[in-house]
Structure formats: C-alpha cells, structure tokens
Amino acid sequence: MSQLKQRHNTDDNDDNRANNDDELRSEEATVYDEDEIDVDEAQSWTGLTRLPEKADLLELLKEVHLGGRKQLTILLLGKSSVGKSSLVNSLLGEAVVRVQAFKLQADTEITTTIVRQVAVGNPEVDGLRLKLIDTCGLEDPEAGDTVNWGALSKIAEDIRGVPIDVVLYVDRLDLYRVDPLDRAIIAAITQTFGQQIWGRAILALTHANLTQPPPGTSYDTFVDGRIRLLRGTIRRGPLSFLRAPMPAVLVENSETCPVCKATGHRILPDESEWLVGLMGEVVDLAMARRRPYKYHPSMTTKPSERFRWLLPLVVAAELLFYQRVLRPALEATQRRVGEEEDRVWSLRRQQRRAMGLHPPHKPTKEASWRLEQMYDDD
C-alpha cells in the first residue's frame with residue numbers, strides 16, 4: 001500500500017513537472033508570437049538539401065524549433081565588399097542575393113529580406129523559418145570614407161519592431177588594422193541602434209582561408225589579433241569588461257574553400273568547419289537570450305540633444321570660473337605689468353638725470369595704442 005501511495009505521489013510530481021514545462025514552453029512561445037509572418041512570404045528552403053553540412057545544420061535548427069521558436073531572424077551589418085551578401089548565399093546554399101565583386105555604384109536596395117522555411121519531412125524541425133536581413137554597405141557610396149547615415153536611418157526604419165535574434169557584424173579577416181572608417185561605422189551603429197544591439201552581435205570575419213599569414217605570425221595568432229582589435233573597438237556599455245567576450249566566427253564564401261575528405265564539409269586552415277561553427281554560435285546566442293532585440297527610435301542617440309540639459313550648467317560654470325578665478329588672475333597680471341613698467345621708466349629717468357639730460361617722455365595710453373596699430377598695419 002505504501003509503495004502504491006509513493007508511486008502515486010511520484011506520478012503526481014511528474015504530472016506537475018510536465019505541466020510546468022508546458023507552461024514554460026507556451027510562455028516562451030508567446031514571446032516570439034510577433035515573429036509570425038504570412039506563410040506566403042516564406043519559400044521552401046530548397047538549398048538546405050544541397051549543403052554538405054545539412055545533417056549538422058538540421059540538428060542545430062531542431063534545437064531552436066524544440067525550444068519553442070518559430071523563426072530565427074539574423075541581421076547582417078558591415079561595410080561594402082566584406083562578404084555580407086555572399087554569406088547569405090552560403091548560409092542558404094543558393095544564390096538569392098546579387099553579389100558585386102567590385103563596388104562600382106551604390107546599392108539600389110538598402111535592405112533585402114529573405115525568408116526560408118525548413119521542409120525536410122522531419123516534424124521536429126519542419127516549419128521553422130530562417131529570416132535573413134541583408135543590408136547595404138554602411139559607408140557613403142560617393143565619399144567612400146564617411147558613414148552613410150541615410151542608409152543607417154533607412155535600415156532602422158525597416159527593422160523597427162522586428163524581433164532580431166542575432167546580428168552578424170561582418171568584416172574581413174585579411175586586414176591588418178582597424179581604420180578610422182571602421183571606428184566611425186561601429187560608433188554610428190551604436191548611436192543609431194543603441195548599445196543593446198551589440199549584446200546580440202557576433203563578429204563574422206570573411207576571407208578566412210588565409211593560407212599565408214603575415215611573416216612572423218601563425219594563422220591562429222593572426223586570427224586572435226584581428227578579433228582582439230575589433231572587439232576593442234566595439235563599446236558594449238560601461239560594464240562591458242564584466243561580460244563574456246563577443247562571439248567571433250570565421251567565414252569563407254569562396255567556392256575554392258577546402259573541404260574535408262571524410263565529410264565533405266568546408267574547412268579552414270585550422271581544419272575547423274566554418275559553416276557548422278557559425279550556425280552553432282548563432283543558435284547558442286539566440287537560445288541564450290530569451291527576448292530578441294527590437295529597434296525603437298528612442299534607442300537612437302542624437303548628439304545635438306544628448307547633453308542639451310547640461311548647457312545652462314556649463315554656461316554658469318564658465319561664468320563662475322571667469323569671475324572667481326580668471327578675472328582676478330588677469331587683473332593681478334595687469335597690475336604686475338604696470339608696476340614693472342613704472343620701475344623701468346623710473347630707472348630711465350635716473351640714468352638721464354645722471355647724464356644731465358631731460359627726463360624721458362612716457363607715452364600716454366592713447367599714443368601707445370596708436371603705435372601698436374602702426375606696427376600691426378606693417
């Protein structure tokens with residue numbers, strides 16, 4: 001009897017845990033109800049079946065789907081010609097975005113949205129949508145060395161209220177420094193979308209099949225240095241040093257990327273499988289943060305208005321500093337100069353009196369001013 005009662009209590013506990021799990025799943029699902037879009041907008045992800053990494057990618061996507069997500073949304077940001085559009089094509093396994101090898105003209109589209117739905121005959125993953133938001137280069141297409149603020153404003157307008165699970169900040173691995181334009185673009189992203197956006201960001205470094213690193217360095221050393229430079233440029237908030245480092249992944253979109261003989265997966269010089277590694281970081285970040293990033297205009301910082309409330313205090317402080325410190329110091333300096341001039345003229349009178357000459361004529365202030373004007377005109 002006691003065993004039956006104990007078993008009955010155990011069954012009740014299991015039922016309660018199951019109910020709690022169901023409530024948790026439904027609660028998590030409600031967070032992403034806003035992710036739902038019209039089914040007509042999502043095309044079948046046919047390119048997934050052509051990817052050599054299909055099996056590993058499905059396992060990762062299954063984790064997202066079983067976690068209550070109906071859609072995984074990824075936003076790509078970065079300069080022109082760093083490989084954002086090529087990365088979209090690589091992720092999908094199909095050429096859906098036009099790629100410009102040489103940036104000869106400005107992008108006609110500021111944002112390009114592609115939605116694909118998994119349909120592989122597996123109920124554990126079928127129905128999950130992958131939404132990729134590709135964006136134009138963030139530098140000015142005419143000047144080239146300044147930020148394209150118009151494009152940033154349009155991107156912000158296009159993604160307003162859209163739940164973003166992951167942001168891929170795309171740059172090239174085969175560069176040796178972070179130039180002023182890179183810093184300006186990163187600062188502009190922060191100013192436009194707020195520091196919160198970096199909490200959803202992953203560094204994606206393209207052209208990672210670097211077979212010949214710079215002399216004196218190894219592949220791993222060069223990669224670590226490049227990632228450290230970019231991480232140091234991005235400011236994620238006043239306490240960013242207490243947070244985990246921003247995730248970073250390596251990408252090689254070229255068709256000449258080496259492949260593993262055993263699996264056919266695309267690999268890098270360090271023998272890592274870059275596409276599986278990228279999707280692994282994307283899924284980990286998306287699942288770790290329960291609520292997605294959503295842009296709102298209040299997140300945009302306006303430099304001209306940010307510290308406007310401090311302006312009266314600054315003016316009052318300047319006036320107080322002038323009255324209490326600067327003006328007394330100037331008056332004291334003028335007195336010392338006048339005393340020194342009087343001492344000099346007194347010595348001159350004594351010298352001329354000793355020589356039997358008439359005393360020197362000290363010019364008046366008006367005469368001194370006229371002399372100064374004459375010398376200034378010359």
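This is a predicted model: local features need pLDDT of at least 70, side-chain atom pairs count only at pLDDT 80 or more; totals for chains, interfaces and linings use all residues.

Me: Of the contacts between residues at least 6 apart in sequence, what share joins residues at least 24 apart?

Reply: The share is 75%. As for the surface, the chain exposes about 22900 Å², and carbon and sulfur atoms supply 52% of that area.

Me: How should I read salt bridges, and how many does a search of the whole structure find?

Reply: Side chains of opposite charge can pair when their charged atoms come close. In this structure, the search finds ten salt bridges. One of them joins arginine 266 to glutamate 53, with the closest N and O atoms 3.0 Å apart. This pair links distant parts of the chain, 213 residues apart. Arginine 266 belongs to the loop between β7 and α7, and glutamate 53 to the loop between β1 (43-44) and α2 (54-66).

Me: Are arginine 266 and glutamate 53 buried or exposed?

Reply: Burial is judged from relative accessible area, with buried meaning under 20%. Arginine 266 has a value of 16% and is therefore buried. Glutamate 53 is also counted as buried, because its relative accessibility is 0%.

Me: Which residue pairs with arginine 69 in a salt bridge, and where do the two partners lie?

Reply: Arginine 69 meets aspartate 165 in a salt bridge, at 3.3 Å from N to O. Arginine 69 lies in the loop between α2 and β2 (71-78), and aspartate 165 in the loop between α4 (149-158) and β5 (166-172), so the pair ties together parts that are 96 residues apart in sequence. Both arginine 69 and aspartate 165 are buried.

Me: What separates lysine 62 and glutamate 59 within helix α2?

Reply: Lysine 62 and glutamate 59 are separated by about one helical turn, because they stand three residues apart in helix α2. Their side chains form a salt bridge of 3.3 Å, N to O. Lysine 62 is buried at 16% relative accessibility, whereas glutamate 59 is partly exposed at 47%. Together with Glu124, these residues are linked in a network of salt bridges.

Me: How does one read a nonpolar patch, and which residues make the one on this surface?

Reply: Such a patch is built from nonpolar side chains that have over 30% relative accessible area and are joined within 5 Å. Here Leu319, Phe321, Tyr322, Val325, Leu326 and Leu330 make a nonpolar surface patch of about 540 Å². Leucine 326 is placed in helix α9 (residues 311-354), and its relative accessibility of 36% makes it partly exposed.

Me: Where is proline 328, and which residues does it contact beyond its neighbours within four places in sequence?

Reply: Proline 328 is also in helix α9. With those neighbours left aside, it is in contact with Tyr322 and Gln323. At 35% relative accessibility, proline 328 counts as partly exposed.

Me: Which residues gather in the patch of negative charge on the surface?

Reply: Asp220, Asp224, Asp270 and Glu271 gather there. Glutamate 271 is found in the loop between β7 (248-250) and α7 (274-288). Its relative accessible area is 65%, and it is therefore exposed.

Methods
Residues are numbered from 1 along each chain as its sequence is written. Side-chain values use heavy atoms; hydrogens and water are left out. Patches are made of residues with over 30% relative accessible area and no salt bridge: like charges are joined within 9 Å, nonpolar side chains (Val, Leu, Ile, Met, Phe, Trp, Tyr) within 5 Å. Accessible areas come from the Shrake-Rupley method with a 1.4 Å probe; for residues, only the protein chains shown count as cover. A salt bridge is a side-chain nitrogen of Lys or Arg within 4 Å of a carboxyl oxygen of Asp or Glu. Lys and Arg count as positive and Asp and Glu as negative; His and the chain ends are not counted. The place of a charge is taken as NZ of Lys, CZ of Arg, CG of Asp or CD of Glu. Helices (H or I, at least four residues) and strands (E, at least two) are DSSP runs, numbered from the N terminus. Buried means under 20% relative accessible area, exposed over 50%, partly exposed in between (1.4 Å probe, protein chains only). Contact means heavy atoms within 4.5 Å.
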